[in-house]
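Okay, thanks everyone, I'll keep this short. Have a look at the model on the screen.

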Amino acid sequence: MTDYHVGLIVPSSNLTMETELPRMLAARENLFPDERFMFHSSRMRMKHVTPEQLRAMNAQTERCASELADADPDVVASACLVAIMAQGPKFHCTAEADIARALAAGGSAAPVVSSAGALLNGIEVLGARRVAIITPYLKPLTKMVADYIEDAGVEVVDALSLEVSDNLAVARLDPADLRSHWRKVDLRNADALVLSACVQMPSLEAIDAVEREAGLPVLSAATATTYTILDRLGLAPVVPSAGRLLSGEPRSRQLAGSVSREVET
């Protein structure tokens, strides 16, 4: 049995990151019974998803990383996508580097994942160049998220804002409603659908169903974060019933492409 300790940096009002990620990795343990995942969280104060509270929350990141270093984690994930994306293009690189420095100062060499960087990574792994997104945010914050994704070279063909600013209210949204929300989004030119561009908005129960109904890959900030955590741990990024990203198919395609390029050279 191999134990993996996952450190989480989460907003104080976040309820979903600490439920969806453990559920996915617990489901994975049914496929890989020699693995066990344990979670350790440090929290940043934030109740309302506003630019002011997001900036104040980001200022607490170093403290959280220092606390997690004491637990000697195998990987650390920062779990507020919009807090990073609202700071401007490529800020996930800065945030991840800041967390890594704070961890190193505490004696930890754990790799760092941010939900913002993980979402971009998940889109890239799926080979998507055009996506549609659903967010719980007010429209100005959704635009920041769309602009951030587009700066990374991915076109956002449509976006739906549910316009919920209270972070606890976001956690209480019914994921079953996403099975109707997605139909309001124009997917005609999309390669993939981001069903929840927020780790606080629950979506896990809906991902497989919407993927079947929409006929294209469906991912979320949470599934992308899980994919990247597993990848950083050197584990196969496979979780049952969590969409194509975690099916093992994209990774197999990537590896096949790498072998082909090696043969060509």
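This is a predicted model: local features need pLDDT of at least 70, side-chain atom pairs count only at pLDDT 80 or more; totals for chains, interfaces and linings use all residues.

Residues are numbered from 1 along each chain as its sequence is written, and side-chain values use heavy atoms, with hydrogens and water left out.

So, α11 covers residues 221–232; helices here are DSSP runs of H or I, at least four residues, numbered from the N terminus. Of its 12 residues, 10 are buried, meaning under 20% relative accessible area with a 1.4 Å probe, protein chains only. Among them are Tyr227, Ile229 and Leu230. Ser220 caps the N-terminal end, with a side-chain oxygen 3.2 Å from the backbone nitrogen of Ala222. After the helix comes Gly234, with a positive phi near 75°.

Now, what packs on α11 at an angle of about 55°? That's α1, residues 17–29, with the axes 10 Å apart; axes are lines fitted to C-alpha atoms over the stretch in contact, and angles run from 0 to 180 degrees between N-to-C directions. That makes the pair oblique, the class left once under 35 (roughly parallel), over 145 (roughly antiparallel) and 65 to 115 degrees (roughly perpendicular) are taken out.

On the α1 side, the residues meeting α11 include Met24, Leu25 and Arg28, where contact is heavy atoms within 4.5 Å. Is Arg28 buried or exposed? Buried, because its relative accessibility is 1%. Its side chain reaches the backbone oxygen of Val238 at 2.9 Å.

Technical notes
Helices (H or I, at least four residues) and strands (E, at least two) are DSSP runs, numbered from the N terminus. The expected span of a helix is 1.5 Å times one less than its number of residues. Buried means under 20% relative accessible area, exposed over 50%, partly exposed in between (1.4 Å probe, protein chains only). A polar contact is a pair of N or O atoms within 3.5 Å; within protein, one must be able to donate a hydrogen and the other to accept it, and residues adjacent in sequence count only if both atoms are side-chain atoms.
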